Amino acid sequence: AQGLPGFRPPARLLELLAEEAAGNNHQYAPGRGLPVLAAHVADKLNLPGTAVAKNILITCGATEAITDTYLHLARKAGSTFTVAAFGPAYESYSRLPMLLEHRFVELTRDESDPDFLTKTADLLVGQGVDLLFVGSPGNPFGQVIPANEVDFWCQMAAKTSLNVVFDMVYSDLWFDQPVAFPTPVLQERVYIVGSFS
């Protein structure tokens with residue numbers, strides 16, 4: 001779907017692809033999502049079946065999910081909306097605010113500073129940030145955010161009006177450490193974007 005091979009694919013592969021394409025198998029789910037897929041997501045995240053309708057949205061890709069979440073939160077915020085992400089910021093995190101004329105704050109990650117999280121939280125409050133993007137594993141370096149930091153941002157969302165989007169698109173790949181999901185998964189002002197890529 002993304003790019004052309006520099007050679008002729010094997011004939012049998014093309015035949016199999018044609019058979020699959022003729023059926024009801026597509027790269028992307030329809031706009032309303034697939035109920036069976038949403039149920040599988042709930043199962044993977046150990047959510048009760050009743051959580052599916054209210055808490056899981058299947059989109060045509062992670063960029064659409066990030067954009068939908070962003071637009072929803074920006075509309076709720078009203079006239080001013082400030083977004084933050086750690087640099088170097090993934091393009092969706094910085095380009096959406098630019099395109100929609102919202103303010104963007106690029107944060108610096110200094111894990112050598114024992115007060116890094118507290119200082120960053122103070123900066124977010126001082127800058128009036130409405131939405132924090134946290135990529136884990138993050139583009140472009142594949143950095144995995146430790147569980148204590150995931151918990152920290154969730155606690156901040158619980159104590160303030162900050163919304164946190166955890167972009168966990170590559171969480172099923174293996175990095176130096178396992179990817180930590182918010183615990184519990186369902187929390188106010190906490191959003192998780194995942195993928196089956």
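User: Where does proline 137 lie?
Analyst: In this predicted model, proline 137 sits in the loop between strand E3 (131-135) and helix H7 (147-159).

User: And what kind of peptide bond joins serine 136 and proline 137?
Analyst: A cis one, with omega at about -5°.

User: What about the bond between threonine 183 and proline 184?
Analyst: The bond joining threonine 183 and proline 184 is cis, and its omega is about -5°. Proline 184 belongs to the loop between strand E4 (163-167) and strand E5 (190-193).

User: OK, backbone angles next. What is the phi of glutamate 101?
Analyst: Glutamate 101 has a positive phi, about 60°, and is not a glycine. Most residues other than glycine have a negative phi.

User: Where is glutamate 101 found?
Analyst: In the loop between helix H5 (91-99) and strand E2 (103-107).

User: Is glutamate 101 buried or exposed?
Analyst: Exposed, because its relative accessibility is 74% and the cut-off for exposed is over 50%.

User: Now arginine 189. What is its phi?
Analyst: Positive, at about 60°, although arginine 189 is not a glycine. Arginine 189 is placed in the loop between E4 and E5, the loop that also holds proline 184.

User: How accessible is arginine 189?
Analyst: Its relative accessibility is 26%, so arginine 189 counts as partly exposed. That class runs between under 20% for buried and over 50% for exposed.

User: Switching to threonine 82. Which strand is it in?
Analyst: Threonine 82 is in strand E1, which covers residues 82-86.

User: Buried or exposed, threonine 82?
Analyst: Threonine 82 is buried, because its relative accessible area is 7% and buried means under 20%.

User: Which residues does threonine 82 touch?
Analyst: Leaving out residues up to four places away in sequence, threonine 82 touches Arg103, Val105, Gln127, Gly128, Val129, Asp130 and Leu131. Among them, Arg103 and Val105 fall in strand E2 (103-107), and Leu131 falls in strand E3 (131-135).

User: Last one, aspartate 68. Which helix is it in?
Analyst: Helix H4, residues 62-77.

User: What does aspartate 68 touch?
Analyst: Leu57 and Thr59, again not counting residues up to four places away in sequence.

User: How many residues apart are aspartate 68 and leucine 57, and what separates their C-alpha atoms?
Analyst: Aspartate 68 and leucine 57 are eleven residues apart along the chain, and 9.9 Å separates their C-alpha atoms.

User: And how accessible is aspartate 68?
Analyst: Aspartate 68 is partly exposed, with a relative accessible area of 30%.

Note on methods: Residues numbered from 1 in each chain as written. Predicted model: local features only at pLDDT ≥ 70, side-chain atom pairs only at ≥ 80, totals over all residues. Heavy atoms only, no water. Helix = DSSP H or I, 4+ residues; strand = E, 2+ residues; numbered from the N terminus. Buried < 20%, exposed > 50% of the residue type's maximum accessible area, 1.4 Å probe, protein only. Contact = heavy atoms within 4.5 Å.
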